[in-house]
Amino acid sequence: MGADARAAGDRAGSGRRAVGPWTSSFAPRPLLPSLAFLFFLLLVVLGARAARYETCPKVQPDMLNVHLVAHTHDDVGWLKTVDQYFYGIHNDIQRAGVQYILDSVVSSLLANPTRRFIYVEIAFFARWWYQQTKAKQEVVRDLVRQGRLEFANGGWVMNDEASTHYGAIIDQMTLGLRFLEDTFGIDGRPHVAWHIDPFGHSREQASLFAQMGFDGFFFGRLDYQDKAIREQMLEMEQVWRASTSLKPPAADLFTGVLPNMYNPPKDLCWDMLCDDKPVVDNPYSPEYNADKLVKYFLELAAAQGRHYRTNHTIMTMGSDFHYENANMWFKNLDKLIQLVNAQQQASGSRVHVLYSTPACYLRELNKANLTWSVKQDDFFPYADGPHQFWTGYFSSRPALKRYERLSYNFLQVCKQLEALAGPAANVGPYGSGDSTPLSPARLSVPPIGEAVAVLQHHDAVSGTSRQHVADDYAFQLAEGWGPCEVLLSNALALLSGSKENFTYCRELNVSVCPLSQTAARFQVTIYNPLGRKVNWMVRLPVRGGVFSVRDPNGTTVPSEVVILPGSNSQEHPPELLFSASVPALGFSTYSVSRVPKRTPKAHTYRPRPWSRVLVIQNEHIRASFNPDTGLLMKIENLDQNLLLPVRQAFFWYNASTGDYLSPQVSGAYIFRPNQPEPLPVRRWAETRLVKTALVQEVHQNFSAWCSQVVRLYPGQRHLELEWTVGPIPVGDGWGKEVISRFDTTLETDGRFYTDSNGREILERRRNYRPTWDLSQTEPVAGNYYPVNSRIYITDGNMQLTVLTDRSQGGSSLSDGSLELMVHRRLLKDDARGVGEPLQEAGLDGWGPGLWVRGRHLLLLDTARTAAAGHRLLAEKEVLAPQIVLALGGGAPYRLGAAPRTQFSGLHQELPPTVHLLTLARWGPETLLLRLEHQFAVGEDTVGNLSSPVTLDLRNLFSTFTITHLQETMLAANQARDLASRLRWTPSTGLPTQTTPSLLDPAAITLQPMEIRTFLASVEWKEDIYTHSDAPL
């Protein structure tokens, strides 16, 4: 995104990883390590430390050292698509060609051995790398080995921090860092996290970076009030304590705010995209400016240095897509360095300038051995002016946000089945399929792993790209699903023992599935990616009629065809419902057949005159609706004997087009309502009630463009609200930002709570910031926060939690109230670089607008027990079961083997505290395994879910045996027991450093909120499909 518009030397193999001396196996081992092993370990650790910082340039200890960081910021899509940026297409939109940037930088680095450069976006670099000759690749490897070409961050993209789920962040970082490890070994391993452009910074992001082994973190965007105070208090650099559960320093991360966001200082931009005067050092030229420039630079360095605590300061010399002609930059920087440093002898200057990198700058800060202040909250929301809060993008492009979340879900299913089935999943009866390639040989289309990684970019899932770019993001996701569907078919055929003609219904969200709507008989296979059994209500569109459904054992299960009375069968087709029980990390196959000559009844319930209140109820929940307005009016938790008045309705904010206070308008980035009070879509809703044995629904119609179904299934402990909004009408000339609001009687004292990237929970307070006295200028937008998976309010006794199915913006603008923004359509551009309004009205911009459907899950519980409910429900929502259809009657996978209708990949279920975060193929005989404790310290005291938990991995999985186990850091690019991070002294005292204990696969202990990552060497069982000893 445009900053200027918005104020060990060996190449690692690409295949199987070698098993090192830190590997754990299940064979007996000596109690004490050998001397040879200890000597080897010492060499490895010393070598790693040397390779990290020994290539840094020398500094002058008694001077102000100015570290010039030559860099480019290359958005992986924004105004142009990823391919258009890489190849330099459509320069009429934006002058940018990444392939030329990298070509030019390498040539310029070779011209002068003192020059240095950093690169970040591995999505671009990997593509460029595969196009180079072997000779060119060796030249680049040598530059990396010398520390002159350094990688910062190292993720596939520089991800957004508000709209991203932590699992997807970890995946995209792992993808990029693995490429660097495989290509450059330890020389290419980044030491610094570098998020110079994301629009606010989450605490969980910092925690993840720390757990990946980064030594520090630098970012560019900081709230204008916060920055002014930090500069005054000399707190532009500090230690970020990014977890309240993980024991320091596990989630501690040294964090620095860059002085110029990520741009060059004023008048010092020497790119072909800039207009600043070059350095003219010929005193006989009439354009000579060297003396003036040196004087200006010395004043600038001194002024900047006054806001920082050491005798080191950093200047970013580059910006968006700079260095396409790298010689322009480097030639002027060479002159600047020579001229400024010459002043040390000529006039006694105490300023020393040098080519440097973020890692080398960080190392000097660490050597200063200072005590640093500690931050424990986050950097949301971000504002770059009094009426310019970047809180709109929390909700922009809600359909793309949902598609990204669905694709992450599908990617995990794909990875798991690839791991469970082994090599047969990649090449089988349905062709070749892959989740993420492990070699340079590219598939004809990007795999889903790469496509989902690209969507984490801070202009992708954030919804802040141009329309044609957003369309391309969606297209790349759709293309990535194909190879994964092939993989799933191969794996399911192997594990079930039957080669079916599997069908994937991608449009179930709009009740479209051609097979279920035409076939009289078919099979439904439901795969559960969770480590525990789930009961899932299957809903499939059908043509009508009555159906018989049989479970994996052939037993008939209750089912119904639900028809909405008085509805259009095309708009609301009949739906077949049945409840499926699916084992942990496995599947169940149900058989469906139409019962001839029977017609289902339209299920409706009309209240009698003396009982006008609409009620839906199961054994756990009762929801009541106002008979006059049709709105939800109260919810009861029957297990806990809790009752809470709750009024839920839809409202819209009139988007500002500017006023006397500021010309700022609402746009893709900025949320700025015209007035603090939203307008109701309508104060009442037309209602229809559907009641059957399997579902109870209240259908609410608020307007032609806003409706909702409030739904309750048997056994369900939450209320489901399925909303449909759009196309938002703008014929009146008003842009609209639509919210769903819940008003209760809870006394919340201005406090509410939101998740951080789907993991830990942060307290929010209205009109308040924990680290400075806020001057609130936008009472609505200035109180909005990102909601990745949940938001809740509590009075200390009762807690109302709303879970989301995608990232949204949310707040509590009055006590007892919660609101979530579900859709927005705007008529003005907010002047942050995109150059088009957020219309989502088709390619020509004149379409009717976007129609969006989503779900909110409502939980009422006591404050003491609420975590168990929302933690497990959020896990189930993010990793929902995957439904696959087939006609049935397929050929046996192997002759003589009976098909299997139920399967579990685990010999025993995981406890509720443990989430199987990752199970994925890593090499031909290696899997990547991540296990996560999903509860925080003190979060659940009733069920003991916040206590440590210990697992035995030796015989956990049913299709393979783990033969060796190696624990790594979070991104799996370095062994955990060999990893060493720079140590910092926080103002709270020096944390105790813990040494990893000896790895025992029989006793893997997880502390609250801990994620442990392993590379497991495995042997797949010869006849996987015949092994049925897993519990079902």
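User: What makes V538 or Y590 a contact of V524?

Analyst: Contact means heavy atoms within 4.5 Å. By that rule V524 touches V538, L540, F578, S588, T589, Y590, V592, I883, V884 and L885. Residues up to four places away in sequence are not counted. The model is predicted: local features need pLDDT of at least 70, side-chain atom pairs count only at pLDDT 80 or more, and totals for chains, interfaces and linings use all residues. Residues are numbered from 1 along each chain as its sequence is written, and side-chain values use heavy atoms, with hydrogens and water left out.

User: Which core has V524 among its residues with the most contacts?

Analyst: The largest nonpolar core, with 256 residues. L68, F125, W194, Y323, L719 and L919 are listed alongside V524 as having the most contacts inside this core. Helix α14 (residues 467-496) contributes the most, with 13 residues. A separate second core of 25 residues includes F651, W705, A781 and V822.

User: Why is such a set called a nonpolar core?

Analyst: Because its members are buried Ala, Val, Leu, Ile, Met, Phe, Trp, Tyr and Cys residues joined through side-chain atoms within 4.5 Å. In soluble globular proteins, nonpolar side chains tend to be buried together.

User: Why is A96 called buried?

Analyst: Buried means under 20% relative accessible area, exposed over 50%, and partly exposed in between (1.4 Å probe, protein chains only). A96 has 0% relative accessibility, so A96 counts as buried. A96 sits in the loop between α2 (82-87) and α3 (98-111). Its contacts are K80, Q84, Y85, G88, N91, F321 and E324, leaving out residues up to four places away in sequence.

User: What is the phi of L234 and of N767?

Analyst: L234 is not a glycine, yet its phi is positive, about 55 degrees. N767 is also not a glycine and has a positive phi of about 55 degrees. Most residues other than glycine have a negative phi, and most peptide bonds are trans. L234 is in the loop between α8 (224-233) and β7. N767 is in the loop between β34 (761-765) and β35 (785-787).

User: Where are the cis peptide bonds at P249 and P381?

Analyst: One joins P248 and P249, with omega about 5 degrees. P249 lies in the loop between β7 (237-241) and β8 (252-257). Another runs from F380 to P381, with omega near -10 degrees. P381 belongs to the loop between β12 (374-375) and α12 (398-421).

User: How do you know that helix α7 is largely enclosed?

Analyst: Nine of the nine residues of α7 (residues 203-211) are buried, so the rest of the structure largely encloses this helix. Among them are R203, E204, L208 and F209. Helices are DSSP runs (H or I, at least four residues), strands are E runs of at least two, and both are numbered from the N terminus.
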